[in-house]
Amino acid sequence: MTTTPGGGFPAAAGRCMLAATGRRRQEPPVSVFPPIPLAEWADTKETVHRFLQVVGKLRLANAPRRNHWWHIPFHLTGRGLTTRPMGFDPVFAVDLDLVDHRLEVTVADGRRASFPLPGLSVAAFYRQLLDTLSALGLPAGVDLPVPFDLADRTPFAEDEHHASYDPAMVTRYWVVLGQVAQVLEEFAGRSYAKTSPVHHFWHTFDLAVTRFSDRRVEQPDTVDPVTREAYSHEVISAGFWFGDAQVPEPAFYCYTAPEPAGLAEEPLRPAGARWIDSRGAHLALLPYEDVRTADDPRGVVLDFLESAYAAGARRAGWDLGALRCPTAPEPR
């Protein structure tokens, strides 16, 4: 599982803004990297994060295990997020439609059920999901039904205070995820290294892609099993998250684990990128606002990711030439 500082808009697609007249108007439905300031949807983000943790823990209980926890993240769809098929006899999936704002459960035999998301507290969402699963004859329960690695660990069934849901901002979150995912897919395709899917972790609420070297990492006995599996080999991980208490703005990031000596001395591109301290290590950071206001946002992100990857790979002794796909730019 990726570790990040947080741990990593159709009519709804435009953020409603207050015009000078006091009337609400819509931004254009979809723009490249639309603004998504954390302050404008922080309460909604906390609620949706917990919705995803509930569904993610359902996936954890019903999906075949994969190395590095690759079996548990969400993947993107054309309208939101999906667990992908899981379970057996019957196979089923849970999707979150973040355009019409509904959760939908589909079963391989053609049955389906759904319910709306706006207006639900975490507790109400949890009850509604379990009731929906039970009515379809599906496994209706999760192990440890409390948030994972969040400051507020109120059990899902008791959490009535996280109940904010701004549909416009939730759809914008999905739009941003989709656009960022396309850039991360392009970055992922530039390397022959073992590479994870581009996926959305419900743990840290980030979108990530990770490259692995073939070198095993010996973990001390004190390391928890989540970290032990996630970092069994050397990795350079890149991604995007929406901001948190430590870094209160959306940003692109990259880190190398284990961190090689001198990593933070390496230069980063573009000029707005910087190294920050994060949980005792260094993280390359590029604010989203710097990207979305650039003339070539996609090119700026790719340049940042390449510079941070090359920094980590050089310091860790990876063979950059052997791992580079012929269509990828030369490392610099």
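At 10% relative accessibility, W69 counts as buried, where buried means under 20% relative accessible area, exposed means over 50%, and partly exposed lies in between, with a 1.4 Å probe and protein chains only. This is a predicted model, in which local features need pLDDT of at least 70 and side-chain atom pairs count only at pLDDT 80 or more, while totals for chains, interfaces and linings use all residues. Residues are numbered from 1 along each chain as its sequence is written, and side-chain values use heavy atoms, with hydrogens and water left out.

W69 lies in the loop between α1 (42-62) and β3 (75-76); helices (H or I, at least four residues) and strands (E, at least two) are DSSP runs, numbered from the N terminus. Although W69 is not a glycine, its phi is positive, at about 65 degrees. The charged end of R65 sits over the ring of W69, 4.7 Å from the ring centre, a term that requires NZ of Lys or CZ of Arg to be within 6 Å of the ring centre and within 35 degrees of the ring normal. K194 has its charged end over the ring of F212, 4.9 Å from the centre of that ring.

## Backbone features in other loops

Most residues other than glycine have a negative phi, and most peptide bonds are trans. H101, which is not a glycine, has a positive phi of about 65 degrees, and H101 is found in the loop between β5 and β6 (102-107). With a relative accessibility of 6%, H101 counts as buried.

The peptide bond from D89 to P90 is cis, with omega near 5 degrees, and P90 is placed in the loop between β4 (80-82) and β5 (92-97). Another cis peptide bond joins R269 and P270, with omega about -5 degrees; P270 is in the loop between β12 (251-257) and β13 (274-278).

## Aromatic rings

The structure holds 21 aromatic pairs, counted when ring centres of Phe, Tyr and Trp (its six-membered ring) lie within 6.5 Å, with planes under 30 degrees apart called stacked, over 60 edge-to-face and the rest tilted. Y173 and F242 form an edge-to-face pair, with 5.2 Å from centre to centre and 65 degrees between the planes. This pair links distant parts of the chain, since Y173 is in helix α3 (residues 167-188) and F242 is in the loop between β11 (233-241) and β12, 69 residues apart. Y173 is buried at 0% relative accessibility, and F242 is buried with a relative accessible area of 0%. Both belong to one aromatic cluster, formed by F33, W41, Y173, F205, F240, F242, F252 and Y288.

Helix α3 is mostly covered, with 17 of its 22 residues buried. At the start of α3, a side-chain oxygen of D166 reaches to within 3.1 Å of the backbone nitrogen of A168.

In soluble globular proteins, nonpolar side chains tend to be buried together. Leaving aside neighbours within four places in sequence, F252 is in contact (heavy atoms within 4.5 Å) with residues including F33, V180, F240, L285, Y288 and F304.

Note on methods:
A polar contact is a pair of N or O atoms within 3.5 Å; within protein, one must be able to donate a hydrogen and the other to accept it, and residues adjacent in sequence count only if both atoms are side-chain atoms.
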